[in-house]
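Please keep the sequence and the three-dimensional view at hand while reading.

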Amino acid sequence: MTKKRKPISTESEWTFDLIQEYDHEIGRIAESFRLDTYPNQIEIITAEQMLDAYSSVGMPVGYNHWTYGKHFVSNEQKYKRGHMGLAYEIVINSDPCIAYLMEENTMTMQALVIAHACYGHNSFFKGNYLFKTWTDASSIIDYLVFAKNYITHCEERYGIDEVENLLDSCHALMNYGVDRYKRPYPISAAEEKQRQKEREEYLQKQVNELWHTIPKMIDKDEPEKEIHFPGEPQENILYFIEKNAPLLEPWQREIVRIVRKIAQYFYPQRQTQVMNEGWATFWHYTLLNQLYDEGLANDGFIMEFLQSHTSVVYQPPFDSPYYSGINPYALGFNMMRDIRRICESPTAEDKKWFPDIAGSDWLTTLHFAMANFKDESYIQQFLSPKMIREFKLFSILDDDHKKDLEVTAIHDDHGYQVVREKLSQQYNLSMNEPNIQVYNVDVRGDRSLTLRHVQHNRRPLEKDNTIDVLKHLRNLWGFDVHLESHQQGEVSETYHCTEDKINLDTPETDS
Amino acid sequence: MSYIVDRRLNGKNKSTVNRQRFLRRYRKDIKKAVDDAVTKRSITDIDSGESVSIPKKDLSEPAFHHGKGGIRDMIHPGNKEFAQGDKIPRPQEGSGSGGGEGDASDSGEGIDEFVFQISQDEFLEFLFDGLELPNLVKRQLQGTESFKYVRAGIINDGNPTKLNIVRSMRQATSRRIALTAPSRRKIKEYLEEIAELESLEEALRDNDRLLFLRIEVDKLQKKIKRIPFIDDFDLRYNHHIKQPLPSSKAVMFCIMDVSGSMNQAMKDMAKRFFILLYMFLKRNYDKIEVVFIRHHTSAKEVDEEEFFYSRETGGTIVSSALKLMREIMVERYPASEWNIYGAQASDGDNWNDDSPSCKKILVEDILPQCQYFSYIEITPRRHQALWREYETIMESLDYFSMQQISDPSDIYPVFRELFQKKPA
């Protein structure tokens with residue numbers, strides 16, 4: 001037992017000195033658990049500022065757009081009426097790592113947030129492979145400033161409406177503006193600015209080149225050879241637009257690029273929700289308990305902490321009125337704890353399921369899990385039968401060709417594998433988002449763009465949204481846009497978006 | 001290493017621009033809410049904020065989503081009674097376990113309207129959006145009858161009362177310093193030489209030189225004395241220039257007919273109109289005064305309370321009110337200082353012989369001094385003599401206008417009509 005020391009604080013009021021002291025102690029303990037972090041920048045803000053931070057979806061510097069205003073108005077409204085509490089913290093994947101602490105929090109809550117955000121999330125941002133490969137923590141703030149200034153400049157020059165329309169169109173396709181497999185170039189504000197001009201000219205030439213070839217191809221003697229552009233289907237629709245849309249002005253391409261870069265920056269966060277929150281929650285729990293064990297926190301502190309901790313990791317059952325899907329905090333936290341348990345005191349079942357990690361050093365294993373997985377693979381790899389039993393997970397099959405829903409698996413020996421597999425798929429972003437790619441451009445004809453949607457499990461597109469998105473895409477592309485929805489190799493639906501109308505064909509199917 | 005930064009004093013209105021963008025985008029909806037509010041509200045709180053609702057559908061931002069149908073596998077927690085292979089009847093639309101899908105889109109929350117508040121300022125902004133005071137510019141150019149003197153630095157000549165003593169003395173001192181500098185330098189040199197010569201033994205002194213030096217010093221000192229202490233060209237005067245003073249004060253004359261034929265509902269309509277006008281002027285002028293005139297067969301200047309609430313009956317002689325207005329204008333509100341607005345509300349009844357004289361007073365005495373004069377006829381019936389007389393004025397003058405109101409929902413549209421921005 002470490003020798004008891006005097007608690008850091010006994011009151012619920014916080015002061016800057018106390019925050020500093022807590023941060024120092026938590027940092028010391030975090031280091032002993034080998035948590036490697038960016039330097040922390042802890043910012044104390046008021047509730048109003050928190051509302052501001054909310055509406056800019058976690059970007060400390062955001063360009064101006066009505067959608068952020070909408071978020072702000074709605075959050076403000078809910079907050080003022082008491083429908084919604086504010087998050088205790090917001091943390092930004094940057095170097096130094098910026099964490100916002102709210103003025104209204106008690107000392108205990110501030111300590112909790114410091115442990116959660118400044119050491120939990122922070123070390124995740126620095127250690128996880130997705131963040132390492134896809135984001136540049138050191139340059140993001142600079143880039144956001146560049147983006148904001150550039151867009152303001154465009155507004156002054158081309159008018160607010162023009163820019164707003166363009167951004168609306170880009171936002172509609174934001175989820176299709178990410179590279180899933182290819183590492184993008186690192187971004188740096190200085191270079192970005194410097195190269196932006198060159199890129200402008202170069203891009204414009206490239207685009208024109210593509211269309212130059214059109215008249216030459218009409219030759220009757222040669223047998224019709226189908227030219228296909230793009231050569232391979234393209235999953236990054238915004239990138240395709242930026243490089244190939246024939247009618248965009250250079251500044252418009254730059255804005256498409258900005259939206260794309262920001263989408264890419266957030267992409268890893270969307271893929272690691274369970275892990276990221278689980279990791280941060282696991283560490284605030286572990287760090288603060290350690291603080292208590294060392295006598296640096298008193299009973300009141302730990303009670304208040306546990307009260308708020310347990311409400312964060314509560315998982316309501318499916319039939320509860322509070323149920324809204326699986327709570328990523330609960331799942332992530334419990335899995336992290338479970339991995340530690342498997343390492344420290346494995347049962348026979350664990351040894352059978354996890355021969356590699358059962359009995360290994362828990363800290364090394366946990367760091368390995370944090371660094372090398374995303375939600376999908378993390379669940380596939382580490383969800384243990386014990387967890388499935390504890391959560392009482394079960395799988396429901398909803399097939400619109402059958403009359404009833406069917407329970408396909410529950411927490412029993414036959415079900416563990418199935419549940420694990422299905423839950424993992426549930427966190428696979430490429431399954432959750434419709435698989436849509438740029439398939440063809442009619443280079444010789446009307447320049448129309450064709451997208452191809454490949455249905456997974458016969459799941460169709462939601463029609464109203466699809467029509468609206470296609471209108472935006474048409475706005476960017478400048479010519480007609482078609483979308484073919486494929487079901488097991490057959491076209492089941494086709495959307496056509498032309499200048500003045502949009503229509504949807506559904507060929508008769510005998511299903 | 002951690003840095004702790006106190007950001008609490010930083011601006012908290014980072015979202016203001018975005019909020020404005022949002023309002024800008026949904027102008028149409030907000031304007032409609034404002035328009036509705038104006039007719040629905042009680043008169044006293046006409047200028048408070050308002051809640052605006054916009055259909056959720058218009059607000060959503062589209063993205064590709066999966067629609068209903070196909071095969072879906074979902075994992076849920078908290079199994080109590082199910083076993084593998086159990087069949088559950090499909091729940092009705094939008095409830096039960098089917099509703100708990102992982103990425104339930106935020107558009108499907110079942111709330112159809114997005115409701116939010118706009119502030120009082122924003123309310124007025126939307127209320128008077130696109131309106132302008134007619135004739136404002138013209139008067140400001142014309143209204144150069146009043147001036148204001150403002151200081152405009154220092155000049156070299158002017159009249160004695162504007163002499164700036166400090167600046168003049170400073171000028172004199174510097175002139176004296178400048179002019180006497182060479183002489184004083186020489187005197188200093190000579191005096192040093194004299195002191196040096198005098199310190200020598202009597203026999204060694206160059207007495208001629210000493211005498212010469214003493215005479216020179218004397219001469220130079222006289223020369224310094226001859227430089228005047230103050231000279232004409234040292235004098236500096238405060239400069240004032242005359243600036244035309246655009247009249248920024250306004251007075252509004254509210255003239256209302258309270259004869260027996262005007263019932264309470266008509267008076268309420270008149271009052272709403274006057275309040276709108278009052279708020280509109282308040283936004284345009286630093287200072288605004290309101291003169292309330294009510295009339296039946298004779299006119300009287302009253303306070304607001306009496307204007308709107310006390311009842312009187314009797315016949316109607318409109319010209320009595322116009323005569324009173326003319327008197328008050330001459331007495332208290334000279335057109336050189338005041339922007340004068342007139343608004344008259346009546347049900348159109350008038351003593352038959354009186355209408356031509358109304359026209360005469362208006363055209364000859366009142367309208368030439370006015371920025372704008374509007375006449376509102378509150379009647380569902382056909383027009384009478386007064387309207388026809390006024391019609392002839394409207395044809396010849398562009399800052400006179402008239403409109404008819406037959407029920408409360410007409411007020412705001414009519415108001416907008418009257419003050420609509422006209423292309424220059």
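## Domains of chain B

What distance separates the centres of domain 1 of chain B and domain 2 of chain B, taken over C-alpha atoms? The two centres lie 78 Å apart, in a predicted model in which local features need pLDDT of at least 70, side-chain atom pairs count only at pLDDT 80 or more, and totals for chains, interfaces and linings use all residues. Residues are numbered from 1 along each chain as its sequence is written, while chains are lettered from A and ligands numbered from 1 in the order in which they are written.

Chain B is divided into domain 1 (15-57 + 112-129), domain 2 (160-240) and domain 3 (249-419), with bounds that come from an automatic or database domain assignment.

## Contact between the chains

Chain B brings 53 residues to the contact and chain A brings 83 residues, two residues being in contact if their C-beta atoms, placed from the backbone, lie within 7 Å. On the side of chain B that touches chain A, the elements giving two or more residues are β1 (2-6), α1 (16-25), β3 (71-76), β4 (87-89) and β5 (113-118) of chain B; helices (H or I, at least four residues) and strands (E, at least two) are DSSP runs, numbered from the N terminus. The largest share of this side, seven residues, is from α1(B).

Strand β4 (residues 394-399) of chain A runs antiparallel to β3(B), joined to it by six bridges, where pairing requires that DSSP finds at least two bridges between two strands. Within this pairing, Ser395(A) has Ile75(B) as its bridge partner.

## A helix pair in chain A

Helix α11 (residues 273-293) of chain A and helix α13 (residues 328-344) of chain A have axes that come within 7 Å and cross at roughly 65°; axes are lines fitted to C-alpha atoms, for helices over the stretch in contact, and angles run from 0 to 180 degrees between N-to-C directions. Among the residues that meet here are Trp279(A) and Phe282(A) in α11(A), and Phe333(A) and Met336(A) in α13(A).

## Confidence

The model scores ipTM 0.81 and pTM 0.72. Chain B averages a pLDDT (the predictor's confidence in each residue, from 0 to 100) of 79, and 86% of the residues score at least 70. In chain B, confidence is highest in helix α6 (residues 165-199), at a mean of 90, and lowest in helix α5 (residues 136-142), at 48.

Over residues 94-111 of chain B, pLDDT stays under 50. Where pLDDT is low, the predicted coordinates should not be read in detail.
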